[in-house]
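Open your viewer, keep the selection tool handy, and follow the stops below in order.

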There are 2 protein chains.
Amino acid sequence: MDHSGAAARPPTVIDVANLAGTSRQTVSNVIHGKAHVREQTRKRVLAAIAELEYRPNVAARHLKRRRTNVLGVLVGDLANPFYSEAARHIEHYAEQRGYTMLLASTGGERETEQRRVESLIEHRVAAVIFLAYSSQQPTIEYITCVFVAGLPTSHGVFIGVDERKSAEQATSFLLSLGHRRIGYVNTIVSSHPDSDKARFAGYRRALSKAGIGLDDALVVRLGSGIETPESVRQHDLQRMLSGPGRPTAVLCAADYTALQVMDCADGLGLAIPQQLSIVGFDDTAYSALRRISLTTVSYPLREIARLSVDAAVGALEDSAPKRNRILMQPELVVRGSTALAPTSPETVDPPATDASPDEQRRPQVRRSVSTVDTVRVRRPRNAR
Amino acid sequence: MDHSGAAARPPTVIDVANLAGTSRQTVSNVIHGKAHVREQTRKRVLAAIAELEYRPNVAARHLKRRRTNVLGVLVGDLANPFYSEAARHIEHYAEQRGYTMLLASTGGERETEQRRVESLIEHRVAAVIFLAYSSQQPTIEYITCVFVAGLPTSHGVFIGVDERKSAEQATSFLLSLGHRRIGYVNTIVSSHPDSDKARFAGYRRALSKAGIGLDDALVVRLGSGIETPESVRQHDLQRMLSGPGRPTAVLCAADYTALQVMDCADGLGLAIPQQLSIVGFDDTAYSALRRISLTTVSYPLREIARLSVDAAVGALEDSAPKRNRILMQPELVVRGSTALAPTSPETVDPPATDASPDEQRRPQVRRSVSTVDTVRVRRPRNAR
DNA sequence: GCGTTTTTTTTGAACGTTCAAATACGATAT
DNA sequence: ATATCGTATTTGAACGTTCAAAAAAAACGC
């Protein structure tokens, strides 16, 4: 099987054809199982393919067919498990549909994003799935777009969750636990400015419904990456958590961010959840670890991945236009990072929760069953 | 700027040439800044490019030039931060050198790996960086290979760390803390069978040097993924950790695995590090979190990423042959997941460490300074 | 055996780019 | 004015594949 004599360049259909004693097109036909090919010929061609270890050149195929089987995927930060897990699922579903995933990450920087998108376009990806992007997107007329973050747009398919509502429900849950000073921590590497806004809007709305005004001192925007713990932004977080009017609970725009907050609290010696409740967004694998046990808004990540691939491939292959807005409902997974607010003047009316306070306080216990409905039931009791 | 009248197909050099009133080649020349192009012409071409939002078709370029600027990267499991962080760095360095990253993950399955490699070949990637692969690799003559896992091979560049030595040193460190029953937990989705073997060999060697035999009951191979905590393999782990002859320390082949072990211990109510010391491999971002505070063998991940891109690009662009074996020395980062072994008959001679036992026991304290050298100094005192 | 249909195979052209060679253009020198 | 040279630009061909159409081979009917 050693063809060291041959030039170090990959064999082509013509090489295969020559070896099989036939022509280009016949080889092509065998590969695609299309036209009528005599069984005898087919065998010879297959043998030649195996012999030469021939693999079709997808670039040449693309050129002639004028479309690729590549799905571009744009994520924010691969270090964030939300994105890496999403990428993993997308790769899986894409392959199932006969597509290859071309992954690119923005790192949360506008310029990087632009370059990466350019690169995807240069590769003429058939579609781009945007899991993270700035609002300022170059118009790509000839590329199918699927947006997973942000807000429903006019062009392209949108698949997402109701961010505002989710944040509102998560905040309401904290309110129902008696928290009145609830902080909000965001990250720089976010999926989309609009997602940020929507989540923040939900947070604000829940507060205002409870008659609580927005306190800017409780809002922090974090730098990216766990690995840069001493960034400037991190100091803002420390100040927020250690100041005199520090919050008793914090809503984080991502689990990844929640981990930073949790770590910061650990550093400050704040007990979680006794002194500080934390709620995240995403429900990444780490949040389920007993040590972390993060209460979080769970996103149906696998489903989102499947739907976005479906949407992309569907838009490419089906003539029938699909519905271009899919809105999913995330659910709140209650774990050990949240508890009743420490007794304070504001907490006049401690709500009767279905779990005993003792159970609420033990971080080890994992109660990942409570859903959005639970929150809904609870909110009216307190939102006054 | 709206060209809705034009066909929904990307503009080509010819479109640009027509608009600029010049020819294909001149456009090409402008793009590559090569030949003599009159300033006046150059401007017109650039204007046309901007006007049409032209982007070169890399597939066509590839076809003509007979090589791509794409680096294939094969990882094990994107959910494992080791791989996702590596991918992130590789993407960065690749872009710096003018290359695009085409990421593929094996999921630890032989068949998936094979399909993904096929896909990389079909895309005619200029090189493949193997961060995870089975020993059984198809011979790819016309593709540059860089191996980051496994053992130095005859073909391709090898960049790695001395796995055996690292594992030996980590084990020795545990021995120096007085541990005698030291478990070993591996994962299915590993970088390479040989890496596994090397690490395990190091573990065994350290044990045998200390006069301790191998106890099969202390060796477990875990299923993949944190998200499947109740897998069959997980039960093996539980049994190992809760059995009568349970270990006082465990060496894990990856941080990702160590987290599973840690979580399992938490579930069993085993105090870390008082009742169980844990050492991992990789030093991913999560291991530095105070809640985790995992003692681990730190890999110079960014450096490895940079070197592998350098090696790949170097092999492609330089005529001079580079050294094809780079072996790096990882360092042991001592954090809170390890402590002196609980007093037992075997621990006759507790070593005098430079940290007080009290400090050793507090998980919150991060002492990430100790390196391999520290271990070296300590080992002789105890290894008798 | 010969025209006709059906099946199988081959050939030419094209996808968008770049290399190599050819040509046009301008200027300078003769 | 013409040869000469350097600069600027264009043209033809090719990369490896597939589409469309042509051609060849085989099968069929009478």
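**Stop 1: around DNA strand C**

Select the residues near DNA strand C, where near means a C-beta atom, placed from the backbone, within 6 Å of the strand. By class, this surface has nine nonpolar, ten polar and nine charged residues. The classes work like this: Ala, Val, Leu, Ile, Met, Phe, Trp, Tyr, Cys and Pro are nonpolar, Asp, Glu, Lys and Arg are charged, and the others, Gly among them, are polar.

A word on the model before you go on: it is predicted, with local features needing pLDDT of at least 70 and side-chain atom pairs pLDDT 80 or more, while totals for chains, interfaces and linings use all residues. Residues are numbered from 1 along each chain as its sequence is written, and chains are lettered from A and ligands numbered from 1 in the order in which they are written.

Now highlight A:S23, A:H36, A:T41, B:T12 and B:A60, which come nearest among the 28 residues around DNA strand C. At least two residues each are supplied by α2 and α4 of chain A and by α1 (13-20), α2 and α4 of chain B. Helices (H or I, at least four residues) and strands (E, at least two) are DSSP runs, numbered from the N terminus. Which helix gives the most to this surface? Color α4(B), with its five residues.

**Stop 2: around DNA strand D**

Move to DNA strand D, surrounded by 28 residues, of which A:T12, A:A60, B:S23, B:Q25 and B:H36 are the closest. The elements giving two or more residues here are α1 (13-20), α2 (24-32) and α4 of chain A, together with α2 (24-32) and α4 (58-65) of chain B. The largest share, five residues, comes from α4(A). By class, the surface near DNA strand D divides into nine nonpolar, ten polar and nine charged residues.

**Stop 3: the two protein copies**

Next, show the contacts between the chains, counting two residues as in contact if their C-beta atoms, placed from the backbone, lie within 7 Å.

**Stop 4: the core**

Which residues have the most contacts inside the largest nonpolar core? Select A:L71, A:F130, B:L71 and B:F130, in a core of 200 residues. Such a core is a set of buried Ala, Val, Leu, Ile, Met, Phe, Trp, Tyr and Cys residues joined through C-beta atoms within 7 Å. Zoom in on B:F130: leaving aside residues up to four places away in sequence, it touches B:L74, B:C145, B:V146, B:F147, B:V148 and B:A149.

**Stop 5**

A residue is buried if 20 or more other C-beta atoms, placed from the backbone, lie within 10 Å of its own, exposed if 12 or fewer, and partly exposed in between. Eleven of the 14 residues of α10(B) are buried, so this helix is largely enclosed by the rest of the structure. Just after α10(B), B:G269 takes a positive phi of about 80°. Step on to the cis peptide bond from B:I272 to B:P273, with omega near 10°. B:P273 lies in the loop between α10 (255-268) and β9 (277-282) of chain B. In chain A, a cis peptide bond joins A:I272 and A:P273, with omega about 5°.

**Stop 5: two positive phi angles**

Finish with A:E53 and A:S293. A:E53 is not a glycine, yet has a positive phi of about 55°, and it sits in the loop between α3 (39-52) and α4 of chain A. Is A:S293 buried or exposed? With 27 C-beta neighbours inside 10 Å, A:S293 counts as buried; its phi is also positive, about 45°.
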